[in-house]
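Reader: I want the criteria behind each label. Take me through them.

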Amino acid sequence: MEPPASPRRVTIVDVARHAQVSTTAVSKVLRNAYGASPEMRAKVRRAIEELGYRPLAAARGLRGQTYTIGVMLPDIRNPFFPEILDGITGCLEDTDYQVLLGPGGNGEKEEAKVTEAMIDRGMDGLILVAPVSPLSHLEHVASVVPTVVVGRHGNSPAYDSVGDDDVAGAALVVGHLAGLGHRRIAHIEHHETDPTRSVEMPNAQRADGYRRAMRDLGLDAEIDVVSTTYTQQGGYEGALELLARPRRPTAVFAGADVVAMGVLEAVAEAGLSVPGDISVAGYDNTTFAAFGAISLTSVDQAGSEIGRNAARLLLERIADRAKPSVRIRLTPTLVARRTTAAPPGV
């Protein structure tokens, strides 16, 4: 007995016959080209839906577009990045574009591998979230394919960028804690060694904003920074180091919400309470920050809005490769919740 034949893929010829139009007409509708009447477009769209026709991405690529956008995320475990992704997909919802994700792995080699793979597959544009690659690599990528960089400071004529005013955001946290009466305010930052990234990355900007704000409030002598990683484990280890101080801080500003989760864990293990013994604030205002059991004070940098702006700029860049680069910086806000209060004895 012969095996059943594999179902044949629906072609543009099948669509044309079903809609009783020419293949040229179907092609015009698929490309959204000039010359197809509303009635013709309706007939072709109906035939496509009834037959379940799906154009080959490779074939579309040969015509100049694949209608795919690559999004590089440095760490898929960070709960802030899905908020950016929500904004991107929301902006593209009514377009023909599809988003494909690639994990950057928080390393230059990993990022280069992912971005090169996206370019090799003919993606129409890239959105790189908090890339750690050198400026030369980012500009090379942008010279090959329209690119928007998210969450990295610095300017380049080669690509557009969207981010948050991290210095201002850090100042909001320090100001909030100082206003509650705290003086011994510590900060957990992401360790950075590359001189360029020490200026351009959000973690570096937040640490700089913390130091500036402490100095502005006359708290120079209380500046206390622990360098770990922007992970829950990094927050846990940083908190252990701070709690072991002979004179421990009364408040901790974690550079990201995921870091704050590690801080809360370490404080609980030490038998201390939040905010009774120590206040904790994060950054990103991720979904879990608002959970009743956590109720984390955090800086809202409007991740979804960042994503929407990134997608919008990329569509504009795809349409006009020669337009001047655009840099968008959003203003953060502080959301105060139950993890911060006046220090003990105040």
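Author: The count comes to 3 aromatic pairs, where rings of Phe, Tyr and Trp (its six-membered ring) pair if their centres lie within 6.5 Å. This is a predicted model: local features need pLDDT of at least 70, side-chain atom pairs count only at pLDDT 80 or more, and totals for chains, interfaces and linings use all residues. Residues are numbered from 1 along each chain as its sequence is written, and side-chain values use heavy atoms, with hydrogens and water left out.

Reader: Why is the pair of tyrosine 67 and tyrosine 97 called tilted?

Author: Planes under 30 degrees apart count as stacked, over 60 as edge-to-face, and the rest as tilted. Tyrosine 67 and tyrosine 97 have 50° between the planes and 5.3 Å centre to centre, so the pair counts as tilted.

Reader: What makes this pair tie together parts apart in sequence?

Author: Tyrosine 67 lies in the loop between α4 (57–62) and β1 (68–73), and tyrosine 97 in the loop between α5 (81–92) and β2 (98–103), so the parts tied together are 30 residues apart in sequence. Helices (H or I, at least four residues) and strands (E, at least two) are DSSP runs, numbered from the N terminus. Both tyrosine 67 and tyrosine 97 are buried.

Reader: Why is the pair of phenylalanine 253 and tyrosine 283 called tilted?

Author: The value is 35° between the planes, at 6.5 Å centre to centre, so the label for phenylalanine 253 and tyrosine 283 is tilted. Phenylalanine 253 is in strand β8 (residues 251–254) and tyrosine 283 in strand β9 (residues 279–283), 30 residues apart.

Reader: How do you know that the charged end of arginine 206 sits over the ring of tyrosine 283?

Author: The rule asks for NZ of Lys or CZ of Arg within 6 Å of the ring centre and within 35 degrees of the ring normal. The charged end of arginine 206 is 3.8 Å from the centre of the tyrosine 283 ring.

Reader: Why is histidine 187 called buried?

Author: Buried means under 20% relative accessible area, exposed over 50%, partly exposed in between (1.4 Å probe, protein chains only). Histidine 187 has 0%, so it is buried. Its contacts (heavy atoms within 4.5 Å) include Arg206, Tyr210 and Phe253, not counting residues up to four places away in sequence.

Reader: What makes strand β6 largely enclosed?

Author: In β6 (residues 185–190), 5 of the 6 residues are buried, so the rest of the structure largely encloses this strand. Histidine 187 is in β6.

Reader: How do you know that β6 pairs with β8?

Author: Two strands pair if DSSP finds at least two bridges between them. β6 and β8 run parallel, joined by 4 bridges, so they pair. Isoleucine 188 has alanine 254 in β8 as its bridge partner.
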